[in-house]
Amino acid sequence: TGSGNLIVPSRTCNSAACHSHATFDEKSSSTSKSINCDGSDVLEDEAPRGIKIRFGQGQIQGNCVEDQICVGRACSLGGFIAATEESTAPFDDFSFDGILGLSLPRMALQRQFSMMAR
């Protein structure tokens, strides 16, 4: 994908592209926590700082979350983007739910967002 980030649609996403895919519900996970997209903790009484990413075609906007990320039985704590908005093109046409960015760690928002750095 050319992305170094894991991106999944959030349950709070109202974009048409999100409605046709499985979504992540942060409130349903006992181990998730909101983080700023620079990897820092969200300060009390502040809203998390989100991110907007433009791709060759399309864009997403979302908030960052830290949680257990599992591929099969292999799990580790890491950061990912929970998309709150996704452009119709190309995301509505995808048969998969999110983007598992496997590029080099330097392509990720921060090292903790890189699946390849785990």
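The secondary structure here comes to two helices and six strands, where helices (H or I, at least four residues) and strands (E, at least two) are DSSP runs numbered from the N terminus, and along the sequence they follow the pattern β-α-β-β-β-β-α-β. Please keep in mind that this is a predicted model, in which local features need pLDDT of at least 70 and side-chain atom pairs count only at pLDDT 80 or more, while totals for chains, interfaces and linings use all residues. Residues are numbered from 1 along each chain as its sequence is written, and side-chain values use heavy atoms, with hydrogens and water left out.

On confidence, pLDDT being the predictor's confidence in each residue, from 0 to 100, the mean for the protein is 91, and 98% of its residues reach 70 or more. Strand β2 (residues 33-35) has the highest confidence, at a mean of 95, and strand β6 (residues 99-100) the lowest, at 87.

Turning to overall shape, the C-alpha trace spans about 35 × 35 × 25 Å along its principal axes. The radius of gyration, taken over C-alpha atoms, is 13 Å, which agrees with the value near 13 Å that a compact globule of 118 residues would have, the globule rule being 2.2 Å times the number of residues to the power 0.38.

As for the interior, 38% of the 118 residues are buried, meaning under 20% relative accessible area with a 1.4 Å probe, protein chains only. Finally, of the contacts (heavy atoms within 4.5 Å) between residues at least 6 apart in sequence, 61% join residues at least 24 apart.

Methods
Buried means under 20% relative accessible area, exposed over 50%, partly exposed in between (1.4 Å probe, protein chains only).
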